[in-house]
Amino acid sequence: MRIPGGPNDSPDQTSQNIMEHFFLPSEDPISPRPLLRKELVDSDHVTTGEVSETLEKCSNKSALGPDQVLYEVWKNIHRMEGMIIPKLAEDKLEWGIHPPMLKESTGIILPKPGKKDYMDCASFRIIVLMQTFSKIVEQIINKRLMAIAYKEDMYCINQTGILPQRSTVDAALSLKHWIRESQFAGKKTSTVYLDIKGGFDNVNYSKLLDLLGGEERVPRYLVDWISNFIQTRQIALAYPGSSRTLNKVD
(Lines give C-alpha, C1' and ligand atoms only; values in the text may rest on other atoms or scores of the structure.)
Protein backbone atom coordinates (compact mmCIF):
# COMPACT_ATOMS: atom_id res chain seq x y z
CA MET A 1 0.00 0.00 0.00
CA ARG A 2 1.30 3.46 -0.90
CA ILE A 3 2.12 6.00 1.78
CA PRO A 4 3.20 9.63 1.31
CA GLY A 5 6.87 10.52 1.56
CA GLY A 6 10.18 9.10 0.44
CA PRO A 7 11.57 5.61 1.05
CA ASN A 8 14.07 6.96 3.58
CA ASP A 9 11.53 8.84 5.67
CA SER A 10 11.09 7.54 9.21
CA PRO A 11 7.57 6.80 10.51
CA ASP A 12 7.81 9.88 12.74
CA GLN A 13 8.78 12.08 9.78
CA THR A 14 5.98 10.65 7.66
CA SER A 15 3.44 11.28 10.41
CA GLN A 16 4.72 14.81 10.89
CA ASN A 17 4.41 15.55 7.15
CA ILE A 18 0.87 14.17 7.06
CA MET A 19 -0.20 16.16 10.12
CA GLU A 20 1.29 19.38 8.74
CA HIS A 21 -0.49 18.86 5.42
CA PHE A 22 -3.96 17.83 6.61
CA PHE A 23 -4.20 19.43 10.06
CA LEU A 24 -2.91 22.98 9.99
CA PRO A 25 -2.77 24.73 13.39
CA SER A 26 -5.84 26.82 14.04
CA GLU A 27 -5.41 30.58 13.78
CA ASP A 28 -8.40 30.98 16.05
CA PRO A 29 -7.74 28.98 19.24
CA ILE A 30 -10.68 28.67 21.62
CA SER A 31 -10.20 29.66 25.23
CA PRO A 32 -11.50 27.00 27.64
CA ARG A 33 -14.79 27.92 29.28
CA PRO A 34 -15.32 27.46 33.01
CA LEU A 35 -16.78 24.07 33.87
CA LEU A 36 -20.22 24.86 35.25
CA ARG A 37 -23.12 22.47 35.62
CA LYS A 38 -26.32 23.70 33.98
CA GLU A 39 -29.81 22.77 35.06
CA LEU A 40 -31.59 21.34 32.03
CA VAL A 41 -35.28 22.03 31.55
CA ASP A 42 -37.60 19.12 30.79
CA SER A 43 -37.36 19.62 27.01
CA ASP A 44 -33.54 19.47 27.18
CA HIS A 45 -33.29 16.02 28.75
CA VAL A 46 -32.06 13.21 26.51
CA THR A 47 -34.88 10.73 25.96
CA THR A 48 -34.90 7.04 25.20
CA GLY A 49 -36.75 7.91 21.98
CA GLU A 50 -33.91 10.16 20.81
CA VAL A 51 -31.38 7.41 21.44
CA SER A 52 -33.54 4.75 19.77
CA GLU A 53 -33.96 6.91 16.66
CA THR A 54 -30.23 7.62 16.53
CA LEU A 55 -29.21 3.97 16.96
CA GLU A 56 -31.69 2.88 14.29
CA LYS A 57 -29.69 4.86 11.72
CA CYS A 58 -26.32 3.41 12.85
CA SER A 59 -25.04 0.51 10.78
CA ASN A 60 -23.55 -2.50 12.55
CA LYS A 61 -21.13 -2.75 9.61
CA SER A 62 -19.64 0.72 10.15
CA ALA A 63 -15.83 0.85 10.36
CA LEU A 64 -14.70 0.92 13.98
CA GLY A 65 -12.83 3.76 15.64
CA PRO A 66 -10.19 3.44 18.38
CA ASP A 67 -12.71 2.05 20.89
CA GLN A 68 -13.46 -0.96 18.64
CA VAL A 69 -17.04 -1.05 19.97
CA LEU A 70 -19.74 -2.00 17.47
CA TYR A 71 -22.99 -0.05 17.29
CA GLU A 72 -24.64 -3.43 17.86
CA VAL A 73 -23.21 -3.41 21.40
CA TRP A 74 -24.84 -0.06 22.16
CA LYS A 75 -28.11 -1.26 20.62
CA ASN A 76 -28.10 -4.28 22.92
CA ILE A 77 -27.33 -2.12 25.94
CA HIS A 78 -30.17 0.23 25.04
CA ARG A 79 -32.54 -2.67 24.52
CA MET A 80 -31.72 -4.19 27.91
CA GLU A 81 -31.67 -0.91 29.91
CA GLY A 82 -33.05 2.12 28.10
CA MET A 83 -31.81 4.80 30.54
CA ILE A 84 -28.07 4.06 30.44
CA ILE A 85 -27.20 5.83 27.17
CA PRO A 86 -29.55 8.82 27.74
CA LYS A 87 -28.01 9.38 31.17
CA LEU A 88 -24.42 9.12 29.87
CA ALA A 89 -25.20 11.58 27.06
CA GLU A 90 -27.12 13.96 29.34
CA ASP A 91 -24.20 14.25 31.78
CA LYS A 92 -22.10 15.72 28.97
CA LEU A 93 -24.77 18.27 28.13
CA GLU A 94 -25.26 19.31 31.76
CA TRP A 95 -21.54 20.06 32.11
CA GLY A 96 -20.99 21.27 28.54
CA ILE A 97 -18.14 18.83 27.91
CA HIS A 98 -17.07 16.12 25.51
CA PRO A 99 -14.53 14.03 27.48
CA PRO A 100 -10.97 13.78 26.07
CA MET A 101 -11.20 10.00 25.64
CA LEU A 102 -14.13 10.50 23.25
CA LYS A 103 -12.10 12.96 21.17
CA GLU A 104 -9.56 10.33 20.15
CA SER A 105 -9.88 9.11 16.58
CA THR A 106 -8.10 6.99 13.97
CA GLY A 107 -7.09 8.49 10.62
CA ILE A 108 -6.89 5.97 7.77
CA ILE A 109 -4.55 7.18 5.01
CA LEU A 110 -5.86 6.22 1.56
CA PRO A 111 -4.30 6.98 -1.85
CA LYS A 112 -6.41 8.83 -4.40
CA PRO A 113 -6.65 6.85 -7.67
CA GLY A 114 -4.84 7.96 -10.82
CA LYS A 115 -2.30 10.31 -9.23
CA LYS A 116 1.13 10.69 -10.85
CA ASP A 117 3.10 11.46 -7.69
CA TYR A 118 2.41 9.48 -4.55
CA MET A 119 5.29 11.12 -2.71
CA ASP A 120 3.02 14.11 -2.16
CA CYS A 121 0.46 14.14 0.68
CA ALA A 122 -2.00 15.83 -1.71
CA SER A 123 -2.31 12.48 -3.51
CA PHE A 124 -3.92 10.99 -0.41
CA ARG A 125 -7.05 11.49 1.64
CA ILE A 126 -7.89 10.71 5.24
CA ILE A 127 -10.94 8.88 6.55
CA VAL A 128 -11.36 9.73 10.22
CA LEU A 129 -12.94 6.99 12.34
CA MET A 130 -14.55 8.21 15.54
CA GLN A 131 -15.57 6.28 18.62
CA THR A 132 -19.09 4.92 18.32
CA PHE A 133 -20.44 6.45 21.54
CA SER A 134 -19.03 9.81 20.49
CA LYS A 135 -20.92 9.53 17.19
CA ILE A 136 -24.15 8.71 19.03
CA VAL A 137 -23.87 11.88 21.14
CA GLU A 138 -22.92 13.94 18.07
CA GLN A 139 -25.98 12.77 16.15
CA ILE A 140 -28.29 13.61 19.05
CA ILE A 141 -26.80 17.12 19.21
CA ASN A 142 -26.92 17.47 15.43
CA LYS A 143 -30.64 16.71 15.32
CA ARG A 144 -31.32 19.27 18.04
CA LEU A 145 -29.31 21.91 16.19
CA MET A 146 -31.17 21.25 12.94
CA ALA A 147 -34.49 21.67 14.72
CA ILE A 148 -33.29 25.01 16.12
CA ALA A 149 -31.99 26.06 12.68
CA TYR A 150 -35.46 25.50 11.21
CA LYS A 151 -37.23 27.27 14.05
CA GLU A 152 -34.89 30.29 14.17
CA ASP A 153 -34.35 30.56 10.39
CA MET A 154 -30.59 30.07 10.78
CA TYR A 155 -29.93 28.37 7.44
CA CYS A 156 -29.81 29.53 3.82
CA ILE A 157 -33.04 28.84 1.93
CA ASN A 158 -31.00 27.42 -0.98
CA GLN A 159 -29.17 24.88 1.18
CA THR A 160 -30.18 21.33 0.33
CA GLY A 161 -27.49 19.16 1.93
CA ILE A 162 -27.35 17.95 5.56
CA LEU A 163 -30.79 19.30 6.47
CA PRO A 164 -33.61 16.73 6.79
CA GLN A 165 -36.06 16.43 3.91
CA ARG A 166 -33.68 18.46 1.71
CA SER A 167 -31.41 16.26 -0.41
CA THR A 168 -29.33 16.39 -3.59
CA VAL A 169 -32.50 15.37 -5.44
CA ASP A 170 -34.07 18.64 -4.30
CA ALA A 171 -30.99 20.52 -5.53
CA ALA A 172 -31.20 18.85 -8.96
CA LEU A 173 -34.94 19.56 -9.28
CA SER A 174 -34.43 23.20 -8.26
CA LEU A 175 -31.66 23.62 -10.82
CA LYS A 176 -33.85 22.04 -13.52
CA HIS A 177 -36.69 24.40 -12.61
CA TRP A 178 -34.50 27.50 -12.81
CA ILE A 179 -33.05 26.41 -16.16
CA ARG A 180 -36.49 25.73 -17.65
CA GLU A 181 -37.77 29.03 -16.28
CA SER A 182 -34.95 30.93 -18.00
CA GLN A 183 -35.38 29.03 -21.25
CA PHE A 184 -39.10 29.79 -21.39
CA ALA A 185 -38.22 33.46 -20.93
CA GLY A 186 -35.93 33.24 -23.98
CA LYS A 187 -32.72 33.60 -21.98
CA LYS A 188 -29.49 31.67 -22.32
CA THR A 189 -28.52 29.64 -19.28
CA SER A 190 -25.26 28.33 -17.88
CA THR A 191 -24.28 26.59 -14.65
CA VAL A 192 -21.12 27.06 -12.60
CA TYR A 193 -20.12 24.35 -10.10
CA LEU A 194 -17.71 25.25 -7.31
CA ASP A 195 -15.75 22.73 -5.26
CA ILE A 196 -15.06 24.56 -1.99
CA LYS A 197 -11.95 22.86 -0.62
CA GLY A 198 -11.37 22.78 3.10
CA GLY A 199 -14.44 24.80 4.00
CA PHE A 200 -15.08 23.07 7.31
CA ASP A 201 -11.36 23.11 8.14
CA ASN A 202 -11.31 26.90 8.00
CA VAL A 203 -14.36 27.76 10.07
CA ASN A 204 -13.69 30.65 12.44
CA TYR A 205 -14.55 29.07 15.79
CA SER A 206 -15.04 32.33 17.65
CA LYS A 207 -17.51 33.62 15.07
CA LEU A 208 -19.28 30.26 15.02
CA LEU A 209 -19.78 30.33 18.80
CA ASP A 210 -20.84 34.00 18.70
CA LEU A 211 -23.46 33.22 16.04
CA LEU A 212 -24.77 30.25 17.97
CA GLY A 213 -24.89 32.08 21.27
CA GLY A 214 -26.12 35.41 19.90
CA GLU A 215 -29.60 36.52 20.95
CA GLU A 216 -29.83 33.28 22.96
CA ARG A 217 -31.31 31.43 19.98
CA VAL A 218 -29.27 28.33 20.82
CA PRO A 219 -29.39 27.07 24.45
CA ARG A 220 -26.28 27.75 26.48
CA TYR A 221 -25.69 24.06 27.21
CA LEU A 222 -25.36 23.35 23.47
CA VAL A 223 -22.99 26.27 22.86
CA ASP A 224 -20.78 25.18 25.76
CA TRP A 225 -20.76 21.58 24.53
CA ILE A 226 -19.80 22.64 20.99
CA SER A 227 -17.04 24.88 22.35
CA ASN A 228 -15.59 21.96 24.30
CA PHE A 229 -16.16 19.48 21.46
CA ILE A 230 -13.88 21.35 19.02
CA GLN A 231 -10.98 21.66 21.49
CA THR A 232 -8.02 19.36 22.19
CA ARG A 233 -8.82 16.60 19.73
CA GLN A 234 -6.32 13.82 18.99
CA ILE A 235 -5.81 11.48 16.04
CA ALA A 236 -3.68 8.38 15.49
CA LEU A 237 -2.63 7.96 11.86
CA ALA A 238 -3.00 4.45 10.45
CA TYR A 239 -0.85 3.31 7.53
CA PRO A 240 1.77 0.57 7.04
CA GLY A 241 4.63 1.23 9.47
CA SER A 242 2.84 3.93 11.45
CA SER A 243 3.44 4.10 15.18
CA ARG A 244 -0.27 4.75 15.90
CA THR A 245 0.70 7.43 18.44
CA LEU A 246 -1.84 10.15 19.17
CA ASN A 247 -1.25 13.53 17.55
CA LYS A 248 -2.90 16.71 18.82
CA VAL A 249 -5.22 18.48 16.39
CA ASP A 250 -5.55 22.21 17.08
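The model is predicted, so I took local features only at pLDDT of at least 70 and side-chain atom pairs only at pLDDT 80 or more, while totals for chains, interfaces and linings use all residues. Residues are numbered from 1 along each chain as its sequence is written, and side-chain values use heavy atoms, without hydrogens and water.

Strands. Strand 3 (residues 233-238) runs antiparallel to strand 4, with four bridges joining them; strands pair if DSSP finds at least two bridges between them. Strands are DSSP runs of E, at least two residues, and helices are runs of H or I, at least four, both numbered from the N terminus. Buried means under 20% relative accessible area, exposed over 50%, and partly exposed in between (1.4 Å probe, protein chains only).

Rings. I searched the whole structure and got three aromatic pairs. Rings of Phe, Tyr and Trp (its six-membered ring) pair if their centres lie within 6.5 Å; planes under 30 degrees apart are stacked, over 60 edge-to-face, the rest tilted. One of the pairs is W74 with F133, tilted, at 5.0 Å centre to centre and 40° between the planes. W74 is in helix 3 (residues 71-80) and F133 in helix 5 (residues 132-152), so this pair ties together parts 59 residues apart in sequence. W74 is buried at 14% relative accessible area, and F133 is buried at 7%.

The W225 and F229 rings have centres 4.8 Å apart and planes at 20°, so I logged the pair as stacked. Both are buried.
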